[in-house]
Amino acid sequence: MSSLRAICKVAFALTTISLLYDPVLAEDTPSDPIVLRTGQAEDGYLPFLFPMGAPRRGIYAEIAERISDLTGIEIEWGVYPATRGRYLFERCKLHLEFGVSPSWYSDEERANSLFSIPFTSHTDALAYAGPDKGLDHIAVEGQPVLAVLGYRYPTFEFDERFDVDSERTMIRMLATGHAELGILQKTVGQYLAKDMGVEISFAQDVQSTDLSLRIHNCAAEHLPALNKAIAELKSSGEIDRIVERYLEPAQAKISP
């Protein structure tokens with residue numbers, strides 16, 4: 001009898017092991033979601049990214065949500081100073097950067113990265129106050145042009161460059177007549193001008209580049225899925241619709 005009980009116990013154990021590893025049951029077991037981490041500055045970069053906890057999250061964050069919907073890949077945002085963000089990306093603690101161009105990076109930085117297909121463009125243009133005058137070109141010879149401190153425009157020749165601390169300062173100076181011309185990123189300029197309740201128009205483009213996702217090599221296996229999602233969002237017009245919603249007129253007065 002003891003031998004029979006031992007045989008039964010062995011048979012039961014083998015059956016249990018077989019059930020635990022049954023392929024059908026394994027398919028029913030949920031796997032951990034794929035999580036790719038990315039970061040932003042504390043103040044964001046309106047309207048592309050808003051501060052964490054704000055009622056609206058920004059253009060890039062909404063695009064990230066749509067990508068997650070299509071791929072099942074969770075994109076997790078954190079707040080990091082620029083230096084800390086670079087350090088974490090180099091060590092694959094952050095996997096993504098949103099809205100960047102390969103041309104912004106050195107050969108060494110590109111060596112650990114892949115770039116998605118472009119999902120939008122970044123255009124800096126010459127801005128002036130008031131309604132659109134239909135100007136394709138404004139001559140800048142002999143007059144100062146405002147620019148945000150630290151921003152580079154290698155193909156634009158300044159007779160006199162006057163640096164300001166932010167896009168809001170530039171818009172305020174244009175609107176109040178303290179300057180005639182400035183260089184603004186178009187989407188940022190349109191959003192902030194509406195938010196401040198003033199009118200800003202654009203003449204010629206100063207420079208333009210396509211923007212993509214930068215993906216660390218450690219997450220390279222997810223690049224095809226990300227590219228497929230971006231292509232679908234572009235072809236459906238969803239990315240354009242997200243941008244347009246952030247450029248709707250705001251009922252606000254010029255900031256003091």
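1. The largest cavity has a volume of about 30 Å³. A search of the whole structure at a 30 Å³ or more cut-off finds 1 cavity. A cavity here is a set of points, on a 1 Å grid over the protein atoms alone, where a 1.4 Å probe fits but cannot get out; lining residues have an atom within 4 Å of a point. Volume is the space filled by probe spheres set on the points, which are joined across faces, edges and corners.

2. This is a predicted model: local features need pLDDT of at least 70, side-chain atom pairs pLDDT 80 or more, while totals for chains, interfaces and linings use all residues. Residues are numbered from 1 along each chain, and side-chain values use heavy atoms, without hydrogens or water.

3. Asp124, Tyr151, Tyr153 and Glu167 are among the residues lining the largest cavity. Strand 8 gives the most to this lining, with 3 residues.

4. Glu167 also belongs to helix 6 (residues 167–175), where Met170, Ile171, Met173 and Leu174 are buried along with Glu167. Buried means under 20% relative accessible area, exposed over 50%, partly exposed in between (1.4 Å probe, protein chains only). Helices (H or I, at least four residues) and strands (E, at least two) are DSSP runs, numbered from the N terminus.

5. Just after helix 6, Gly177 has a positive phi of about 80°.

6. The structure holds 1 disulfide, defined as cysteine sulfur atoms within 2.5 Å. Cys92 and Cys218 form the disulfide, with sulfur atoms 1.6 Å apart. The S-S torsion is about 70°, so the disulfide is right-handed. Cys92 is buried at 19%; Cys218 is partly exposed at 39%.

Technical notes. 1 Å grid on protein atoms, 1.4 Å probe; cavity = no way out; pocket = protein on both sides within 12 Å on 5 of 7 lines; lining within 4 Å.
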